[in-house]
Amino acid sequence: MTEQILIEELNTVECGMIQESSSDGKDIWLNGVFMQSSVKNRNGRLYPLNEIQTAVTSAQQRIKETNGIFGELDHPSSLSINLDRVSHIITEIRMEGNNAIGKMRLLSTPMGNIGKELARSGVNMCVSSRGAGQVNEDGGVSGFSFVKIDIVCTGSAELA
C-alpha cells in the first residue's frame, strides 16, 4: 500500500458545530466533531479508533508545543499549509467515544475575516480533515498522519 492524501468531510449531523463569540464580537470560536472513527464514511474509508486516538494525541502535542495548529479556509490537494490561506487555529482537541472533538478560533487574517463574516451571516460551512495514510482494499485506514482541519463551503457540515 502506498501513502495517499486523505481528505474527509463531515456532514451537518456528524459535525454538530456550535459557534461562540467574545462579548465584543471580535473573536469567534467553532466547536464540534473534527474527525470520526469506527464508521465507514462517504469516501468508503474506515478509520479505526486507534488511528484517530493516535492522531489526537499527536495533535495535542503539537498544540502544546506551538500553541495551536493552523487551518485554512478551503483546502488545496496537498498536505502543505499555505500561510496566505490560514483562517483559524485549532486550540483544543480530545477524544469523546469514537469522535475527535475540537475547538478552533477564527483569526484576523484575510481568510479568517472571511470565515468570521460567513459565520456571522449564517452561511453553512463544513469541516474537512487533511492527512495522509494507507487505505487497504476494504477501505480500512492505517498509518494515518493528521495534518489539519480546514473550513470548507461544500454544504456537508454546517458550522452555524
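I searched the whole structure, a predicted model, and got seven salt bridges.

Buried or exposed, I wondered about Glu72? Glu72 has 0% relative accessibility, so I logged it as buried. Lys148 also comes out buried, at 0% relative accessibility.

Next I followed Lys148 to its salt bridge with Asp150, where the closest N and O atoms are 2.9 Å apart. Both Lys148 and Asp150 are buried.

Arg130 lies in strand S7 and Asp150 in strand S8, so the pair links parts that are 20 residues apart in sequence. Arg130 is buried, like Asp150.

Aromatics next. I found one aromatic pair. The ring centres of Tyr47 and Phe144 are 5.0 Å apart and the planes sit at 80°; over 60 degrees counts as edge-to-face, so that is what I wrote down. Tyr47 is in the loop between strand S3 (28-36) and helix H2 (49-66), while Phe144 is in strand S8 (residues 141-152), so the pair ties together parts 97 residues apart in sequence. I checked burial too: Tyr47 is buried at 4% relative accessibility, and Phe144 is buried with a relative accessible area of 7%.

Phe144 turned up again when I looked at the largest nonpolar core, which has 27 residues. The members touching the most other members are Met35, Ile90, Ile93, Met104, Phe144, Phe146 and Ile149. Where does this core draw at least two residues each from? My list reads S3, H2, strand S5 (86-96), strand S6 (99-106), helix H3 (110-121), strand S7 (126-135) and S8.

Last stop, the surface. I found a nonpolar patch made of Phe70, Ile81 and Leu83, with about 280 Å² of accessible area together. Leu83 is in the loop between strand S4 (69-72) and S5. At 64% relative accessibility, Leu83 goes down as exposed, because the cut-off is over 50%.

Notes
Residues numbered from 1 in each chain as written. Predicted model: local features only at pLDDT ≥ 70, side-chain atom pairs only at ≥ 80, totals over all residues. Heavy atoms only, no water. Phe/Tyr/Trp six-rings, centres within 6.5 Å; stacked < 30°, edge-to-face > 60°. Helix = DSSP H or I, 4+ residues; strand = E, 2+ residues; numbered from the N terminus. Buried < 20%, exposed > 50% of the residue type's maximum accessible area, 1.4 Å probe, protein only. Core = buried A, V, L, I, M, F, W, Y, C linked by side-chain atoms within 4.5 Å. Patch = residues over 30% accessible without salt bridge, like charges linked within 9 Å, V, L, I, M, F, W, Y side chains within 5 Å. Areas by Shrake-Rupley, 256 points an atom, 1.4 Å probe, with all protein chains shown as cover. Salt bridge = Lys/Arg side-chain N within 4 Å of Asp/Glu carboxyl O.
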